[in-house]
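Good morning, and thank you for coming.

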Amino acid sequence: MPLADHLRELRNRLAKAMLAVVVASVVAAFFSQQLMDLLSSPVPKCPPGTSVSDNTGGRCVIIAYQTMLSPFTSTVKVIMLAGLIASSPVWLYQLWAFVAPGLHKSEKKYTYWFAAIAVPLFAAGAYTAYLIMPVSVRVLISITPDVASNFLSLDDLLDFTTRMVLVFGLAFELPLLLIMLNLTGVVTGKRMAGWWRAMVMGTFVFGAVATPSTDPLGMIALAGPIIVLYFIAVGFSILNDKRRARNDPDAELSDDEASVVDLTPEPVGALDPVPAARALPEQATGDTDGARAHRTGGYDDIT
């Protein structure tokens, strides 16, 4: 397709994806209150009527809005996030439909498997984040002295919840990325297995830095499943390398390594006669000194 047609198709795909997000967001607007309760449920809220001067300590949290526009902006954030998640099958399909014509058959097969596994892994990471958030919040507020109260903005709570879900969901995709690199021949399972010390250490460091709760429980809850999934990816890659070696003995060779070449000579068939040319350039000179007599079959002696 010409470049203009590609741009026109991209415009149409983006328009359909945006329309799906808008429609899903409008539907989510009717359930905004339920969504707000769901996102704030991990926090142990104080009973209605509790004020900052009541000195609740680390027992509960007072959730409030701090600015006049906070109720509106928080609701819009929740609605847009819900619309983006609910319409993900539509805009993911539009992205796939735009890219798929340029892929080979084997690449399409890998993409199908990637999409089929990536969605459950992201959902598992998001669900894990939602499970540990109540414990993480209680750990964080437990150090509050009894002479103080925890006053939390709902905007901050929504940002905290969103970051936890995104960090856990995307982190659970790392083993799948390693498997895709192995299937495409970029990295071998043996090399991945040699990274296990650095991967374990790096995963715990990543869990400590990326987890918004900054508590040891959140770090362990994030790093533990990723390490287990990493070793599953290593096992799968090693088995895939063995299968590839059985089907193609030269598959594990590097680009600058010579493969085994069969040097057994093959029999040569019968020779085909080649007729001599009628007149070569030097024969067209019209020599009369008898040189033509020394030529045989149109060729001179040295030829």
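Glu9 and Arg13 join their side chains in a salt bridge, at 3.7 Å from N to O. By salt bridge I mean a side-chain nitrogen of Lys or Arg within 4 Å of a carboxyl oxygen of Asp or Glu. Because Glu9 and Arg13 are four residues apart in helix H1, about one helical turn separates them. Both Glu9 and Arg13 are buried; buried means under 20% relative accessible area, exposed means over 50%, and partly exposed is in between, with a 1.4 Å probe and protein chains only.

Before I go on, a word on the basis of these values. This is a predicted model, in which local features need pLDDT of at least 70 and side-chain atom pairs count only at pLDDT 80 or more, while totals for chains, interfaces and linings use all residues. Residues are numbered from 1 along each chain as its sequence is written, and side-chain values use heavy atoms, with hydrogens and water left out.

How many salt bridges does the rule give? The count comes to two. The other pair is Arg8 with Asp5, whose side chains meet at 2.7 Å, N to O. Arg8 and Asp5 both belong to helix H1, residues 3-29, and sit three residues apart, about one turn of the helix. Arg8 counts as partly exposed because its relative accessibility is 41%, and Asp5 is likewise partly exposed, at 27%. As a general point, side chains of opposite charge can pair when their charged atoms come close.

**The chain as a whole**

The protein chain has ten helices and two strands. These are DSSP runs numbered from the N terminus, with helices (H or I) of at least four residues and strands (E) of at least two. In sequence order the pattern reads α-α-β-α-α-α-β-α-α-α-α-α. Of the 303 residues, 31% count as buried.

The largest pocket holds about 1,300 Å³ of space. Of its 35 lining residues, Ile85, Ser88, Trp91, Leu92 and Phe122 are the closest to the centre. Two or more lining residues come from each of helices H2 (32-40), H3 (70-86), H4 (88-99), H5 (105-141) and H6 (154-171). H5 gives the most, with twelve residues.

For the terms: on a 1 Å grid over the protein atoms alone, a pocket is an open set of points where a 1.4 Å probe fits, with protein on both sides within 12 Å along at least five of seven lines, and lining residues have an atom within 4 Å of a point. Grid points are joined across faces, edges and corners, and the volume is the space filled by probe spheres set on the points.

What is the make-up of the lining of the largest pocket? It divides into 30 nonpolar residues, four polar and one charged. Here Ala, Val, Leu, Ile, Met, Phe, Trp, Tyr, Cys and Pro count as nonpolar, Asp, Glu, Lys and Arg as charged, and the others, Gly among them, as polar.

The second largest pocket has a volume of about 280 Å³. Its lining has 15 residues, with Trp113, Ile117, Leu176, Ile179 and Phe236 nearest the centre. The elements that give two or more residues to this lining are H5, helix H7 (174-183) and helix H10 (216-247). H5 again provides the largest share, six residues. This lining divides into 14 nonpolar residues, no polar and one charged.

**Surface and contacts along the chain**

Which residue of the loop between H1 and H2 deserves a mention? It is Phe30, which is exposed because its relative accessible area is 67%.

Phe98, in helix H4, is partly exposed at 28% relative accessibility. Phe98 and Leu10 are 88 residues apart in sequence, and their C-alpha atoms are 7.0 Å apart in space.

Leu166 lies in helix H6 and is partly exposed, with a relative accessible area of 42%. From Leu166 to Gly125, 41 residues away along the chain, the C-alpha separation is 8.3 Å.

Finally, Ala148 is found in the loop between H5 and strand E2 (150-153), and is partly exposed at 25%.
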